[in-house]
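Subject: Structure handover

Hello,

Here is the structure you asked for, with the sequence alongside. My notes follow below it.

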Amino acid sequence: MNLDLDHYARSLQNIKTINSGKQLHLLFLKRGVLPSALTIANRVLQMYVKCSHLKDAHNLFDEMPQRNCFTWNTMIEGYLKSCNKDASLSFFHSMPDKNEFSWNLVITGLIKLGEVEVGRRLFDEMPSKNGVVLNSVIHGYVRSGCPKEAVKVFRDCKLCSDDSFVLATVIGACTDLLALGWGKQIHARIIVNNVEFDSVLGSALINMYGKCGGIDEASHVLSKLSDVDDVSVSALISGFASCGRMEDARRIFYGKTISSCVIIWNSMIAGYVSNNEALEALDLYAKMREFGIQEDFSTFASVLSACGSLGNLGYSKRVHGHACKFGVVNDLIVATGLVDMYAKCRCPSDACKLFSELQMYDTVLLNSMITIYSSCGRLEDAIRVFDTMPSKSIISWNSMLAGLSQNGCAIEALDLFCKMNKMDLKIDKFSLASVISACASISSLELGEQIFAKATVIGLESDQIISTTLVDFYCKCGFVQKGRDLFDQIIKSDEASWNSMLMGYATNGYGFEALALFTEMRCTGFVPTEITFTAVLSACDHCGLVEEGRKWFYAMKHEYGIEPGIEHFSCMVDLFSRAGCLEEAMKLIEQMPFKCDESMWASVLRGCVAHGDKILGKYIVKRLTELDPENSGAYVQLSGMFATSGEWESSAQVRKLMNDMKIRKNAGCSWMDG
């Protein structure tokens with residue numbers, strides 16, 4: 001029977017098992033056709049490579065008396081696909097006559113393996129460059145995070161490529177670099193060379209202009225495209241939003257018809273969030289759900305940020321429920337967003353509970369948890385997270401520093417700062433601000449000034465955060481005038497620096513100076529915050545300015561939309577009690593949405609003692625002892641109040657009650673003792 005050798009040779013392309021291929025190889029050997037039939041030998045060689053039997057392929061290659069470019073290219077491709085860079089390069093360099101395909105094959109293959117620099121060197125040696133390898137090298141640099149090198153290759157290459165994919169890739173590199181000038185030059189080249197303006201090129205230009213701030217140019221490019229893709233529209237919306245031009249962003253978003261593409265909705269929602277229009281973001285999210293458009297990870301990240309900025313716990317929990325149903329809670333970006341959202345909604349316990357249920361963490365999430373644990377007094381948990389972190393960033397160290405400082409562990413914060421120095425970590429303004437605050441809490445003037453000297457050495461002496469922290473530091477050390485001098489030197493004050501100086505005045509008893517500074521602050525155009533009013537009310541309390549305190553307490557909510565916190569109520573209760581307005585103090589306690597603590601009752605009791613209100617005093621003592629049955633101070637003050645008014649019998653009864661209940665008066669102490 002005559003064998004159709006050509007038929008069998010062609011059938012090698014469809015071989016599914018290596019055994020079948022080897023049988024055909026043996027058949028060709030028996031028929032003696034391999035030494036003379038280069039085409040058949042090449043097909044057998046290609047079969048071995050496709051089946052990943054490179055050793056058999058290499059043996060056959062060595063036995064072939066004749067070889068052509070296809071033979072060499074087959075071996076190079078086989079070793080590249082098996083990730084054997086050295087073998088592929090050895091074959092390439094040994095190849096007597098390299099054709100254009102050989103160069104394309106080895107350069108693009110090496111770049112796919114991540115060997116961008118090796119591919120780049122071969123590209124430079126390539127005798128006749130083409131758009132395929134140029135695009136591969138540029139794309140390789142972009143993918144490996146080297147966009148500057150990508151642009152440099154394009155700029156230095158003598159090949160005048162008008163390939164839209166090459167141009168789109170290099171425009172993408174300009175986008176990553178935010179290099180608007182370079183992007184404009186490439187755009188000009190496209191126009192001068194009459195390059196066909198397709199959707200790929202148009203999208204790349206719109207994205208580049210949108211992200212680099214050339215938003216009007218992006219809009220112009222969009223108007224020239226007949227077929228606009230969703231990525232381009234999304235980029236333009238994001239560009240307008242980043243410039244604060246939300247009306248233009250809305251115009252593009254709504255267009256002729258509302259898009260069903262989730263990317264476009266995400267861009268609009270994120271735009272609202274970045275422009276502090278959280279309510280609009282949530283309204284658009286609700287509309288998105290009405291339209292039946294499925295959320296993705298990016299949607300939840302933006303919506304959670306909006307919930308956090310509003311502090312709306314009810315809506316936040318509903319979004320959390322949506323994320324659970326969608327199955328994205330364990331995604332690190334969404335999980336981090338949820339944790340931050342609960343923290344901003346002042347529900348750190350919910351954030352901690354969610355964290356305990358997660359299965360995966362990254363450095364960003366763990367940094368957030370250090371801050372959250374620290375903020376709710378769970379310092380041991382914060383330290384545990386910090387100590388067990390597999391990878392710490394400077395933010396991790398700074399978060400732990402801030403946590404220790406805020407929780408009164410000044411010595412531990414200073415020890416941690418010393419450790420950072422010994423490890424030669426990059427100290428930044430946040431590190432220095434936290435450790436200066438730690439010095440302030442122990443009134444260590446000398447140590448604080450030494451740390452400020454370090455800030456000066458690294459060029460941060462004029463930094464706004466450092467300056468604001470120093471104002472607070474000097475005031476807490478009792479050097480109020482020094483703090484004020486530094487405050488006056490701050491070139492660009494913000495709410496934090498004003499608040500630091502206000503608190504400095506208030507806590508040191510400079511009430512009138514604090515109120516004068518508050519007036520100056522408002523005249524300068526700064527909007528008061530919760531901290532501002534804490535300082536103002538504290539100043540009124542110290543100076544006994546009842547009318548002024550009452551005015552600003554009620555102005556908080558009605559004029560500035562700030563709900564008074566427990567610290568504001570505490571200031572007012574103390575102010576009313578000192579001034580003898582005990583009825584008003586009690587009325588405020590009854591009205592406030594917080595549970596009255598010991599310090600507030602103690603303030604009213606001091607007022608009762610000072611103004612001789614024995615009936616209310618008895619009631620307050622009862623409330624204080626309910627909170628703390630062994631509170632001797634309350635009984636002593638009540639006894640003293642009776643004694644002052646000459647009611648010795650009542651005073652003795654209180655003392656007897658203390659003895660009967662075995663409540664001992666706290667021992668007094670003197671600076672002269674010991």
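Ser-88 touches Ile-76, Tyr-79 and Leu-80, setting aside residues up to four places away in sequence. Ser-88 lies in helix H6, residues 85-94, and is buried, with a relative accessible area of 0%. Please keep in mind throughout that this is a predicted model.

Overall make-up

The protein has 40 helices and zero strands. It is 674 residues long, and buried residues make up 47% of them. Its accessible surface comes to about 34,500 Å², with 52% of that belonging to carbon and sulfur atoms. Of the contacts between residues at least 6 apart in sequence, 57% join residues at least 24 apart.

For residues 494-528 the figures are 77% helix and 0% strand, with the end C-alpha atoms 11 Å apart.

Around Leu-45

Leu-45 belongs to helix H3, which covers residues 38-50. Is Leu-45 buried or exposed? Leu-45 is buried, at a relative accessible area of 0%. Not counting residues up to four places away in sequence, Leu-45 touches Ala-57, Leu-60, Phe-61, Thr-71, Thr-74 and Met-75. From Leu-45 to Gly-78 is 33 residues in sequence, and 10.0 Å in space from C-alpha to C-alpha.

Two of the residues already named turn up again among the aromatics. Phe-61, a contact of Leu-45, and Tyr-79, a contact of Ser-88, are both in one aromatic cluster, together with Trp-72 and Phe-91.

Around Thr-468

Thr-468 sits in helix H29, residues 464-476. Thr-468 is buried, with a relative accessible area of 10%. Leaving out its neighbours within four places in sequence, which residues is Thr-468 in contact with? They are Ile-490, Asp-494, Ala-496, Ser-497 and Ser-500.

Helix H33

Helix H33 runs over residues 530-543, 14 residues in total. From its first C-alpha to its last, H33 reaches 20 Å, close to the 20 Å expected at 1.5 Å a residue. Ten of the 14 residues are buried, so H33 is largely enclosed by the rest of the structure. The buried ones are Thr-532, Phe-533, Thr-534, Ala-535, Val-536, Leu-537, Ser-538, Ala-539, Cys-540 and Asp-541.

What do the buried residues of H33 pack against? Their partners are four helices: H31 (495-507), H32 (511-524), H34 (546-560) and H35 (566-579). Just after H33 comes Gly-544, which takes a positive phi of about 70 degrees.

Aromatic rings and charges

The count of aromatic pairs comes to 22. One of them is Phe-473 with Tyr-474: the ring centres are 5.2 Å apart and the planes are at 55 degrees, so the pair is tilted. Phe-473 is buried at 0% relative accessible area, and Tyr-474 also counts as buried, at 8%.

Another pair is Phe-553 with Tyr-554. Here the centres are 5.2 Å apart and the planes are at 80 degrees, so the pair is edge-to-face. Phe-553 is buried, with a relative accessible area of 4%, whereas Tyr-554, at 38%, counts as partly exposed.

Charged side chains also sit over rings in the model. The charged end of Lys-129 is over the ring of Phe-123, 5.3 Å from the ring centre. The charged end of Arg-522 is over the ring of Phe-518, 4.7 Å from the ring centre.

Regards

Definitions and conventions: Residues numbered from 1 in each chain as written. Heavy atoms only, no water. Helix = DSSP H or I, 4+ residues; strand = E, 2+ residues; numbered from the N terminus. Expected span 1.5 Å × (residues − 1). Buried < 20%, exposed > 50% of the residue type's maximum accessible area, 1.4 Å probe, protein only. Contact = heavy atoms within 4.5 Å. Areas by Shrake-Rupley, 256 points an atom, 1.4 Å probe, with all protein chains shown as cover. Phe/Tyr/Trp six-rings, centres within 6.5 Å; stacked < 30°, edge-to-face > 60°. Lys NZ or Arg CZ within 6 Å of the ring centre and 35° of its normal.
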